Amino acid sequence: GCRLVISNDSGGGHLGAVAGCFVVTIWGPTHVKFGYRAWGDWVMAIALPELPCRPCHHHGPKACPLKHHQCMKGLRPDLVLKHLVQAGLLSR
């Protein structure tokens, strides 16, 4: 019954895509180029591409190798909301 799913790069995104929802996946230490993303016409990936340490692993390590975990700490809720507004999924 939902129209929008916001998920990490894992099962929730895949389930939302299968259900026909618009899916926004949040990517930290992994990368969409590895092919694990949810597939569908309404899938958006959000990440911090300017980080030179990304990706650090194909599945995401248990701990940040550089001890700062900026790939996730930098993905603040306001940045995700900004992407959703720009895509026309939410209004401010």
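This report describes the fold, the nonpolar core, the cysteines and selected residues of a predicted model.

## Basis of the values

Residues are numbered from 1 along each chain as its sequence is written, and side-chain values use heavy atoms, with hydrogens and water left out. Because this is a predicted model, local features need pLDDT of at least 70 and side-chain atom pairs count only at pLDDT 80 or more, while totals for chains, interfaces and linings use all residues.

## Overall fold

The chain has three helices and three strands. Helices here are DSSP runs of H or I with at least four residues, strands are runs of E with at least two, and both are numbered from the N terminus. Read from the N terminus, the order of elements is β-α-β-β-α-α.

Along the principal axes, the C-alpha atoms fill a box of roughly 40 × 30 × 20 Å. The chain exposes about 6,100 Å², of which carbon and sulfur atoms supply 57%; accessible areas come from the Shrake-Rupley method with a 1.4 Å probe, and for residues only the protein chains shown count as cover.

Of the 92 residues, 27% count as buried. Buried means under 20% relative accessible area, exposed means over 50%, and partly exposed lies in between (1.4 Å probe, protein chains only). Among contacts (heavy atoms within 4.5 Å) between residues at least 6 apart in sequence, 39% join residues at least 24 apart.

In soluble globular proteins, nonpolar side chains tend to be buried together. The largest nonpolar core in this model has eleven residues: F22, V24, I26, M44, I46, L48, L51, C71, L75, V80 and L84. Strand 2 (22–26), strand 3 and helix 3 (77–86) are the elements that give two or more residues to this core. Strand 2 gives the most, with three residues. A nonpolar core is a set of buried Ala, Val, Leu, Ile, Met, Phe, Trp, Tyr and Cys residues joined through side-chain atoms within 4.5 Å.

I46 is one of the core residues. Leaving aside neighbours within four places in sequence, I46 is in contact with V24, T25, I26, W27, L75, V80 and H83.

## Cysteines

A disulfide is a covalent bond between the sulfur atoms of two cysteines. With the cut-off set at a pair of cysteine sulfur atoms within 2.5 Å, a search of the whole structure finds zero disulfides.

C21 is buried at 8% relative accessibility. The closest cysteine sulfur to that of C21 is in C2, at 3.4 Å, which is too far for a bond. C64 is also counted as buried, at 15% relative accessibility, and the closest cysteine sulfur to its own is in C56, at 6.2 Å, again too far for a bond.

## Strand 1 and S7

S7 lies in strand 1 (residues 4–8) and is buried, with a relative accessible area of 9%. Beyond four places in sequence, S7 touches G12, G13, V24, T25 and I26. A polar atom of the S7 side chain lies 3.1 Å from the backbone nitrogen of G13.

R54 is found in the loop between strand 3 (43–46) and helix 2 (70–73), and is buried at 11% relative accessible area. Not counting residues up to four places away in sequence, R54 touches W27, G28, P29, T30, H31, A47, L48, P49 and C71.

T30 is found in the loop between strand 2 and strand 3 and is buried, with a relative accessible area of 3%. Outside four places in sequence, the residues that T30 touches are D9, R54, P55, H57, H58, H59 and G60.

## Backbone geometry

Most residues other than glycine have a negative phi, and most peptide bonds are trans. R54 and P55 are joined by a cis peptide bond, with omega of about -5°. P55 lies in the loop between strand 3 and helix 2.

K67, in the loop between strand 3 and helix 2, has a positive phi of about 65° although it is not a glycine. K67 is exposed, with a relative accessible area of 72%. H69 lies in the loop between strand 3 and helix 2 and has a positive phi of about 50°. H69 is partly exposed, with a relative accessible area of 28%.

Terms used
Polar contact = N/O pair within 3.5 Å; in protein donor to acceptor, adjacent residues only side chain to side chain.
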